[in-house]
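Please keep the structure open while reading.

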Amino acid sequence: MKTLPCGRTIEDILHKLDDAPDLHELECHWCHQERRRLKDQTTIVLSHLRGEDHTADSTDLASNVLSKISNLRPMQRTWEAPLRETGEVVRISSSEIISRIRQQFSYSHKAQLNYTEVKATDAKIPHVQWLVRCTVSMLTEATVQQIEGEILEYVQAGLGAELLVERLRVEITIEDVHGEILSYLEIGT
Amino acid sequence: MDALEQLAIVGRSREGDPEAFGMLVSDLTPSLRRYCRSFFENWQDADDAVQEVWIKVWKSMHTLQQNGAFKTWLFRMTRHVCLDRIRSSQNRVQVVDAEEFSGQPAPEHLSPEYLAVQRSEVERAWSIVAKLPSTLGQAFVLVCLEGMTYEQAATIANTSESTIRGRVARARKAIIEAVS
C-alpha cells in the first residue's frame, strides 16, 4: 500500500475517485496529482473498452435478436364488448384499445403517455365496465389537477369512441423524468 | 434517446409493442454486450448471453412494475442469465475473495509483457478486465463503463454500495498496475 507524503494512501484516493475531492484533496498537490494520474490511466483503458471496433457486431447482434423476437408475439388479452352505435358484440384486444387511447394522447402538450393497461372489471360478458391505468410524465409546468381532466377525456375518447362504456375508472400514475413516481390518483365516471 | 423518451419506449414495450422494444434492443445492446463480456472470456459467449437476455426480457416485460426501474431490472436479469450460463456450461467462475485480493500485486498474467502480445488495443483492454476476478470486472463495467451509480450497481449485483465501491477501487488498482 503506497502512502503519499501527506499521509493518504493511493487506496484512499481510489475509493473516492468518483466523488468530488474533499477539502484535503483540494489543498494537497500530492493527492491532486495522484487523482489525476489514476483518472488518466483508467481513462485510457475505458476509451479502449468503449472502442468503436464492436459497433458493427452490436448492430448485427441487435438484428439477430429482433428477428428472433418477431416470431414471439406477446400474448394479447381480448375482450368481448358491445359497440356504442349498434350494441353488436365484438372482440377487441387490449392493444387495440391502448392504440386508440395513445392516438388521443398524441394531441396532448401537457402529458406524455408512458404506459397503459386496460382491463374489464365486470364479470359478465359483454363488458361495459373498464379500468384503465395510465402512467404519464408531465411535459409542462401544468398541475396534476390541470392534466387529470385532460387524461380522463383522452381515455374516454379512446375507449368510448366505438365501445359502449357504462363505467370507467382511470388510475393515473405521474412519474418524473427518471421514472420515479410523483403522484397517484384515481378518477372515474 | 433521452430519459423522457426512454420512459415512453419502455412503457410501450411493456404493452407489447415490438417496434418500441426494437428501439430498446438497438439502444442497449452495446451496453449489454460489454456487461456480459465481463462474465465471459470471449465475445461469442457474451453475445449468446445477450440474445438469451433479450428474449427473456421480451417475454417478461409485462412483469416490470415501473418504467424507471427498467435499466436496473434489465441488468439484473442479465447477471442472472450470465451466471446461469456459466453454471450450466461448467465455465470457470472466478470466486472473489475480496480480502484475499486486496493489496496484492497484479498477477503475472496482467503484466505488460503478457498484454503486449494481445491483438489490438481494444482486445488488450478487454483482456485486462477479463483477468480480473469476475465480480470486480462486473462492478468496474457497470460503474466506470456504463456510468451507473454505486446504488444501481449494488442493486444489480445484489450487494451493498460499499462492497461495490471497494470492488471498483480494487478493479481500478489492478487495471492501473496492468497498464503501467
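The points below cover a sheet, the helices lying across it, and the contact between the chains.

1. This is a predicted model.

2. Four strands form an open sheet, ordered β3-β4-β5-β6 (chain A), and the pairing is mixed. At the edges sit β3 (111-120) and β6 (181-188) of chain A, each of which pairs on one side only. From one strand to the next, the twist averages 15 degrees.

3. Look next at the pair β4 and β5. Strand β4 (residues 129-138) of chain A runs parallel to strand β5 (residues 167-175) of chain A, and 8 bridges join them. Trp130(A) stands opposite Leu168(A) in β5(A).

4. Which helix of chain A lies across β3, β4, β5 and β6 of that chain? Helix α6 (residues 144-160) does, running at about 135 degrees to β5(A).

5. Chain B also reaches this sheet. Its helix α1(B) lies across β3, β4 and β5 of chain A. The angle between α1(B) and β3(A) is about 15 degrees.

6. Now the contact between chains. On the chain B side, 47 residues are in contact with 43 residues of chain A. Helices α1 (3-14), α2 (18-37), α3 (43-60), α7 (121-131), α8 (134-145) and α10 (161-179) of chain B each supply at least two residues of that side. α2(B) gives the most, with 9 residues.

7. As for composition, the side of chain B that touches chain A has 25 nonpolar, 11 polar and 11 charged residues.

Key
Residues numbered from 1 in each chain as written. Chains lettered and ligands numbered in written order. Predicted model: local features only at pLDDT ≥ 70, side-chain atom pairs only at ≥ 80, totals over all residues. Contact = placed C-beta atoms within 7 Å. Nonpolar A, V, L, I, M, F, W, Y, C, P; charged D, E, K, R; others polar. Pairing = 2+ DSSP bridges. Axes fitted to C-alpha atoms, helices over the stretch in contact; angles between N-to-C directions.
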